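These are my notebook entries on one protein model. I record what I looked up, term by term.

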Amino acid sequence: MPVKNILITGRPGVGKTTAIKKVLSALDIRPRGFYTEEIRDGRERRGFTVKTFGGRDCVLAHTDIQGVPRVGRYGVDVTSFENTALPELEEAVGRREIIVIDEIGKMEMFSNRFKNLVLQALDGPAPVLAVISESGNGFTDGIKKRKDVKLFTLSRQARDALIPDIATLLDALTRGNL
């Protein structure tokens, strides 16, 4: 089975989202899906925002969100995530548009709807460029082992060196050259 899906993993803070943005910028691609950004208060990370390529955004997780579910010190707003990010994924699944998912991680895993959409996207006709949690669970480990997946592991030292490789592969996938 040929590669159709590109996954990026690595420790927190190595620049996985930065790598995705640089790849998309280098290829001048307009994908569907979403990416995450940190919410900072000075030097302190307070949470994460989800931003769709269609222009919507929401708080995914924040230290001020009380109750469950939680990942570490962050409360996760599953409803906001599902209402903001998932409609764009639902529209993209089944089309030939590149799908970006940043990220397939612990916070997003609280949504069964998200997990189903990830599998549909990976199985669909369009290439997927996604960040996936380095620490595994049954769901993410299964995705990493798929035969149609190429996994890139980033480090601070190797991030910029791997961006051209990721861009070249994604460009070939979008042109149907693989």
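**Entry 1: Ser133**

I looked up Ser133 and found that it is buried, with a relative accessible area of 10%. I note that buried means under 20% relative accessible area, exposed over 50%, and partly exposed in between, with a 1.4 Å probe and protein chains only. The model is predicted, so local features need pLDDT of at least 70 and side-chain atom pairs count only at pLDDT 80 or more, while totals for chains, interfaces and linings use all residues. Residues are numbered from 1 along each chain as its sequence is written, and side-chain values use heavy atoms, with hydrogens and water left out.

I located Ser133 in the loop between strand 8 (128–132) and helix 5 (138–144). Helices (H or I, at least four residues) and strands (E, at least two) are DSSP runs, numbered from the N terminus. I then listed the contacts of Ser133, leaving aside its neighbours within four places in sequence: Thr9, Glu103, Ile104, Gly105 and Lys144. Contact means heavy atoms within 4.5 Å. I also found that the side chain of Ser133 reaches the backbone oxygen of Ser135 at 2.9 Å.

**Entry 2: Val68**

Is Val68 buried or exposed? I recorded a relative accessibility of 75%, so Val68 counts as exposed. Val68 lies in the loop between strand 4 (57–62) and strand 5 (70–71). I looked up its distance to Val78, ten residues apart in sequence, and found 9.8 Å from C-alpha to C-alpha.

**Entry 3: Asp160**

I found Asp160 in helix 6 (residues 159–174). Asp160 is partly exposed, with a relative accessible area of 43%. Its side chain makes a polar contact with the side chain of Lys22 at 3.4 Å. A polar contact is a pair of N or O atoms within 3.5 Å; within protein, one must be able to donate a hydrogen and the other to accept it, and residues adjacent in sequence count only if both atoms are side-chain atoms. I also noted that Asp160 and Val93, 67 residues apart in sequence, are 30 Å apart in space, C-alpha to C-alpha.

**Entry 4: The whole protein**

I noted six helices and nine strands in the protein. Of its 178 residues, 49% count as buried. The C-alpha trace spans about 50 × 35 × 30 Å along its principal axes. Among contacts with a separation of 6 or more, I found that 64% are between residues 24 or more positions apart.
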